[in-house]
Each structure stands twice: as C-alpha cells, then as structure tokens.
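Dear colleague,

My notes on helix packing, the nonpolar core and the pockets follow it.

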Amino acid sequence: MLVDDDFHTLDYAIETIERVLLEAGVVGRSGKVRKERVHWIALQAHHYGKGLVSVLPSGLAQQALLGLLDAGMSARLVAD
C-alpha cells in the first residue's frame, strides 16, 4: 500500500513505482509494467491518501515494499 506524502512529486512516485515493480519482477503479460496502472496507483495515493500497488506473494511484496521505502516513499504491507 502506497501512502500519500507531501514530499514527493507525482512524477517521482510514478517513476519509482514503475522501477520497483520491474525490479521485483511484477510485470503484465506484455513483460512490462503498464504505465496507466502505475499512474492510477499514484493518483489513488494522492487523492485518497493511499493506493494499492499490487497483490503479491509475501516474498515479492516484501521486496516491493523495501524498494519503495529505499526510494523514500511511504508504504506498508497490508494482509488480506
């Protein structure tokens, strides 16, 4: 779960989410992360205070979380 903050631009959030998901191997059928999806995640966080990045197995979720945190983003894991 990506949490909105007052420190990062929308562009930074979009670039970071895309990079983190690619590094974690979370890609669509095309082998790429869909830019529209990444943009929607960032907009959700901006407008609603939080945005669901992805539903992943715990190992990939941990990797994605660490990537977001390392980039200075506010994020947390949410159990289903």
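This is a predicted model: local features need pLDDT of at least 70, side-chain atom pairs count only at pLDDT 80 or more; totals for chains, interfaces and linings use all residues.

The buried positions of H1 are Ala13, Ile14, Thr16, Ile17, Glu18, Val20 and Leu21. With 14 residues, H1 reaches 20 Å from its first C-alpha to its last, close to the 20 Å expected at 1.5 Å a residue. Just after H1, Gly25 adopts a positive phi of about 80°.

Glu18 is found in H1, and it counts as buried because its relative accessible area is 17%, under the 20% limit. Leaving out residues up to four places away in sequence, Glu18 touches Val33, Lys35 and Val38.

In soluble globular proteins, nonpolar side chains tend to be buried together. In this model, the largest nonpolar core has 20 residues, and those touching the most other members are Leu2, Ile17, Leu21, Val53, Leu68 and Met73. Two or more residues are given to this core by each of helix H1 (10-23), helix H2 (35-48) and H3. The most comes from H1, with five residues.

Val53 illustrates how these parts meet. Apart from its neighbours within four places in sequence, Val53 is in contact with Leu2, Ile17, Leu21, Arg37, Ile41 and Leu68.

**The pockets**

The largest pocket has a volume of about 370 Å³. Its lining comprises 18 residues, and Ser54, Leu56, Ala61, Leu77 and Val78 lie nearest its centre. Helix H3 (residues 58-70) supplies the largest share of this lining, namely six residues. By class, the lining of the largest pocket consists of 13 nonpolar, three polar and two charged residues.

The second largest pocket holds about 180 Å³ of space. The residues lining this second pocket are Leu21, Val26, Val27, Gly28, Lys32, Val33, Arg34, Arg37, Ile41, Val53 and Ser54. By class, they divide into six nonpolar, two polar and three charged residues.

With kind regards

Notes. Residues are numbered from 1 along each chain as its sequence is written. Side-chain values use heavy atoms; hydrogens and water are left out. On a 1 Å grid over the protein atoms alone, a cavity is a set of points where a 1.4 Å probe fits but cannot get out, and a pocket is an open set with protein on both sides within 12 Å along at least five of seven lines; lining residues have an atom within 4 Å of a point. Grid points are joined across faces, edges and corners, and a volume is the space filled by probe spheres set on the points. Helices (H or I, at least four residues) and strands (E, at least two) are DSSP runs, numbered from the N terminus. Ala, Val, Leu, Ile, Met, Phe, Trp, Tyr, Cys and Pro count as nonpolar, Asp, Glu, Lys and Arg as charged, and the others, Gly among them, as polar. A nonpolar core is a set of buried Ala, Val, Leu, Ile, Met, Phe, Trp, Tyr and Cys residues joined through side-chain atoms within 4.5 Å. Buried means under 20% relative accessible area, exposed over 50%, partly exposed in between (1.4 Å probe, protein chains only). Contact means heavy atoms within 4.5 Å. The expected span of a helix is 1.5 Å times one less than its number of residues.
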